[in-house]
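Hi there,

Here is the structure I promised to pass on to you. My notes on what turned up in it follow below.

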Amino acid sequence: MPVIDAHHHLWNLPAYDYDPPELLADLAETPAVSGTVYVECHSHYRTDGPEYLRPVGETEHVVALTAGSDPRIAAGIVGFADLDLGEAVTEVLEAHIEAGAGRFRGIRFGTGWDDSPEIQNTQTARRPGMLTEARIHAGARRLAELDLSLDVWLFHRQLGEVATLADAVPDLRIVLDHCGGPLGYGPYARHRREHFAEWRRGLRELAARPNVVCKVGGLLARGAAYDYVRSSTPAGSAELATIWRPWVESCIEVFTPSRCMFETNFPVDKMGVRYGTLWNTYARLVSGASEAERQDLFNGTARMLYRLT
């Protein structure tokens, strides 16, 4: 069936480029991919002009980079705008829309915050509890009024903050990235059963908000379920399906398939799994689902949420 990769990046780092040719090489492992959603990664910002408008350069770059390329790539674009601007974020959002060539669909705002010095907080997490603040809510309302979505990227102990935002701005489409950010390293490498139970409770409470959907994936980078660093060989799809089943099945159970979508988080997760292996893992995990449920998980929810044609 058609597959939409609901979350990937493109970037140019000193030691590693991941541009359309590299992505296309990975897509060749899963020919069913019919479209992808590009998600911001603090890349190719403008180097001049007002600081708050510089993130628009990332949308401009992606549009230019994919011009004349395979039309599946970046069929939807999720950029960055600082919701700390409150209502003034409107200017940034409108600039993204203009730059996006009809493909701009929303922003991602990373507020992952943990007190432990062992946990690397997300780039825009300036303080704890940001999603509960009135100024952030004012900016989020502008997203809803412009028919744009909000990807949230944070850690599992912060799921209640997303619920507060969802209640404050019920017309906003909110996307919970990476299964809600379960942590499995640093202090969270211990007492894993208790941390899993806490994550699952927070997930269930958040799922009661109908304006929130969940991206299922991104489980490698924060060490929640599989220690690829210490693995002697890359895991296959059968092994990963066994390891990831509690997390993936929990997400699908509490949100239901119509409010879940699969993501690859490439090239971040490429450090531990091949592209085709990842999709085979998802296929194994939902092999018992109905045809309609699998359609939602693999393409329907992403197509609806990001308004893809």
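**Around Leu-131**

Leaving out neighbours up to four places away in sequence, Leu-131 is in contact (heavy atoms within 4.5 Å) with Phe-109, Thr-111, Ile-136, His-137, Val-152, Leu-154, Glu-161, Val-162 and Leu-165. Before going on: this is a predicted model, in which local features need pLDDT of at least 70, side-chain atom pairs count only at pLDDT 80 or more, and totals for chains, interfaces and linings use all residues. Residues are numbered from 1 along each chain as its sequence is written, and side-chain values use heavy atoms, with hydrogens and water left out.

Leu-131 sits in the loop between β6 and α4; helices (H or I, at least four residues) and strands (E, at least two) are DSSP runs, numbered from the N terminus. Its relative accessibility is 0%, so Leu-131 counts as buried (under 20% relative accessible area, with exposed over 50% and partly exposed in between; 1.4 Å probe, protein chains only). The C-alpha atom of Leu-131 is 10.0 Å from that of Ala-168, and the two residues are 37 residues apart along the chain.

**Arg-142**

Helix α4 (residues 134-145) holds Arg-142. Is this arginine, Arg-142, buried or exposed? Arg-142 counts as buried because its relative accessibility is 17%. With residues up to four places away in sequence not counted, Arg-142 touches Glu-87, Val-89, Thr-90 and Leu-93.

**Nonpolar cores**

A nonpolar core here is a set of buried Ala, Val, Leu, Ile, Met, Phe, Trp, Tyr and Cys residues joined through side-chain atoms within 4.5 Å. The largest one has 82 residues, and those with the most contacts inside it are Leu-150, Val-152, Leu-176, Trp-244, Phe-255 and Phe-262. Helix α7 (residues 237-255) supplies the largest share of this core, 9 residues. A second, separate core has 12 residues, including Val-37, Val-39, Val-213 and Leu-305. Apart from residues up to four places away in sequence, Leu-176 touches Val-152, Leu-154, Leu-159, Val-162, Leu-203, Leu-206, Val-212, Val-213, Cys-214, Lys-215 and Phe-255.

**Pockets**

On a 1 Å grid over the protein atoms alone, a pocket is an open set of points where a 1.4 Å probe fits, with protein on both sides within 12 Å along at least five of seven lines; lining residues have an atom within 4 Å of a point. Points are joined across faces, edges and corners, and a volume is the space filled by probe spheres set on them.

- The largest pocket has about 720 Å³ of space. Of its 35 lining residues, His-9, Arg-108, Trp-153, Arg-222 and Val-268 lie nearest its centre. β2 gives the largest share of this lining, 3 residues.
- The second largest pocket has a volume of about 240 Å³. Its lining has 15 residues, of which Tyr-185, Gly-223, Asp-227, Val-229 and Arg-230 lie nearest the centre.

**Cysteines**

How many disulfides are there? The count is 0, where a disulfide is a pair of cysteine sulfur atoms within 2.5 Å. Cys-41 cannot form one because its sulfur is 20 Å from the closest cysteine sulfur, in Cys-179, too far for a bond. Cys-179 is in no disulfide either, and the nearest cysteine sulfur, that of Cys-251, is 3.8 Å away. Cys-41 is buried, with a relative accessible area of 18%, and Cys-179 is buried at 0% relative accessibility.

Best wishes
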